[in-house]
Amino acid sequence: MSTWRDDPNAIPPWNERPKCHCGFRTWLQVWTDPLPQGKKGCRFFKCPDIDDDFKACTFMQWIDTRPLGRVSLNEVENKGQYYARHTQAREEARLAGEEQERRV
């Protein structure tokens, strides 16, 4: 059975993304630099740097151990797409909280 990890152009479900040190769900990217060797074209998660304290979060987690076939060397997900998913997840959490309060 194929998963998003097998498809270099697939966007992972929001709840399957790791959280960075800032507590945000991470942003999916593709490595474009020639160094480290063998990582160009590999996907990784990184901090979206959306906190307001202007501290640089260095969280990064590789998804691929080697480049997957023909991965686009552009972002797998642009900032606008990331923020739309972030906003949607926050709204879903708010609605779930309201529903939970109503039940109590």
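Tutor: At 39% relative accessibility, R94 counts as partly exposed, a class lying between buried (under 20% relative accessible area) and exposed (over 50%), computed with a 1.4 Å probe on protein chains only. The model is predicted, so local features need pLDDT of at least 70 and side-chain atom pairs count only at pLDDT 80 or more, while totals for chains, interfaces and linings use all residues. Residues are numbered from 1 along each chain as its sequence is written, and side-chain values use heavy atoms, with hydrogens and water left out.

R94 joins E91 in a salt bridge, with N to O at 2.4 Å; the term requires a side-chain nitrogen of Lys or Arg within 4 Å of a carboxyl oxygen of Asp or Glu. E91 and R94 are separated by about one helical turn because they stand 3 residues apart in helix α1, residues 79-103 (a DSSP run of H or I, at least four residues, numbered from the N terminus). R94 also forms a salt bridge with E98, whose closest N and O atoms are 2.3 Å apart. This pair is 4 residues apart in helix α1, and therefore separated by about one helical turn.

E99 is partly exposed at 28%, whereas R102 is exposed at 61%. By the rule given above, the count comes to 4 salt bridges.

Key: Helix = DSSP H or I, 4+ residues; strand = E, 2+ residues; numbered from the N terminus.
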